[in-house]
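Here is a friendly note to read with the model open beside you. Please take the points in order and find each residue as you go.

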Amino acid sequence: HTKTPGNAGDEQPPAVIAHAVAVNPNNADALAMDAWLDLETENFDEVSKAVDRALAANPNSINALAVRAAMFYLTDKKAELDADTKRALAINPHAGEFYDTLAHFAVNNRRYTDAVDFGRRALELSPHLWSARTHIGGED
């Protein structure tokens, strides 16, 4: 089975992201997802580069800010985390996905208490953000 750019459903995420960026180099969401994948492997230099490109394309990208904030969280850079949190919530005070991203990376790094806290904050901002419920251990 041959994978082509037209078979996006068959491709692995990095290939799909590369294709999206090739089609539109200013696709902030694709650039933010590229940063997300780099953060999964703790490739912090590449995370920073991808986030910078995403924010250059769209300074109001909640997704890019969330990934960078997660990097700051994982590297214990509280002041930077707080600054990105403030910026994201100024852009959209109901951006529960911002905290949901933080919760995701907290779980991946076995910081479960923080994940629950981030999940609760996500639900406070976006009560119907179902993905955030997975981070709070089934609580209502």
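1. **A term to start with.** A salt bridge is a side-chain nitrogen of Lys or Arg within 4 Å of a carboxyl oxygen of Asp or Glu. By this rule the count comes to five salt bridges, and this note visits some of them. Please keep in mind that this is a predicted model, in which local features need pLDDT of at least 70 and side-chain atom pairs count only at pLDDT 80 or more, while totals for chains, interfaces and linings use all residues. Residues are numbered from 1 along each chain as its sequence is written, and side-chain values use heavy atoms, with hydrogens and water left out.

2. **A pair within α5.** Look for Lys78 and Asp82, whose side chains meet in a salt bridge (2.8 Å, N to O). Both residues lie in helix α5, four residues apart, about one turn of the helix. Helices here are DSSP runs (H or I, at least four residues), numbered from the N terminus. An α-helix has 3.6 residues a turn, so residues three or four places apart point the same way. How open to the outside are the two partners? Lys78 counts as exposed at 57%, and Asp82 counts as partly exposed at 37%.

3. **A pair within α3.** Next, find Lys49 and Glu46, which form a salt bridge with the closest N and O atoms 3.3 Å apart. Because they are three residues apart in helix α3, about one helical turn separates them. Lys49 is partly exposed, with a relative accessible area of 47%, and Glu46 is partly exposed as well, at 31%.

4. Which residue forms a salt bridge with Arg111? The partner is Asp76, and the closest N and O atoms are 3.9 Å apart. Arg111 lies in the loop between α6 and α7 and Asp76 in the loop between α4 and α5, so the pair ties together parts that are 35 residues apart in sequence. Arg111 counts as partly exposed, at 25% relative accessibility, whereas Asp76 counts as exposed, at 62%.

5. Glu42 lies in the loop between α2 and α3 and is partly exposed, with a relative accessible area of 45%.

6. **The nonpolar core.** A nonpolar core is a set of buried Ala, Val, Leu, Ile, Met, Phe, Trp, Tyr and Cys residues joined through side-chain atoms within 4.5 Å. In soluble globular proteins, nonpolar side chains tend to be buried together. The largest nonpolar core here has 41 residues, of which Leu39, Phe98 and Leu102 touch the most other members. Helices α1 (13-23), α2 (28-40), α3 (44-57), α4 (62-74), α5 (78-91), α6 (96-108) and α7 (112-125) each supply at least two of its residues. Which helix gives the most to this core? That is α4, with 11 residues.

7. **Leu102 up close.** Contact means heavy atoms within 4.5 Å. Leaving out residues up to four places away in sequence, Leu102 touches Ala66, Ala69, Ala70, Tyr73, Leu81 and Phe118.

8. **Helix α4.** Is α4 mostly covered or mostly open? It is mostly covered, with 12 of its 13 residues buried. Among them are Ile62, Leu65, Met71 and Phe72. The cover over the buried residues of α4 includes α2, α3, α5, α6 and α7. From its first C-alpha to its last, α4 reaches 18 Å, close to the 18 Å expected at 1.5 Å a residue; the expected span is 1.5 Å times one less than the number of residues.

9. **Ile91, to finish.** Ile91 is in helix α5 and is partly exposed, with a relative accessible area of 33%. Not counting residues up to four places away in sequence, Ile91 touches Pro59, Asn60, Ile62 and Leu65. Ile91 and Arg121 are 30 residues apart in sequence and 16 Å apart in space, C-alpha to C-alpha.

Terms used:
Buried < 20%, exposed > 50% of the residue type's maximum accessible area, 1.4 Å probe, protein only.
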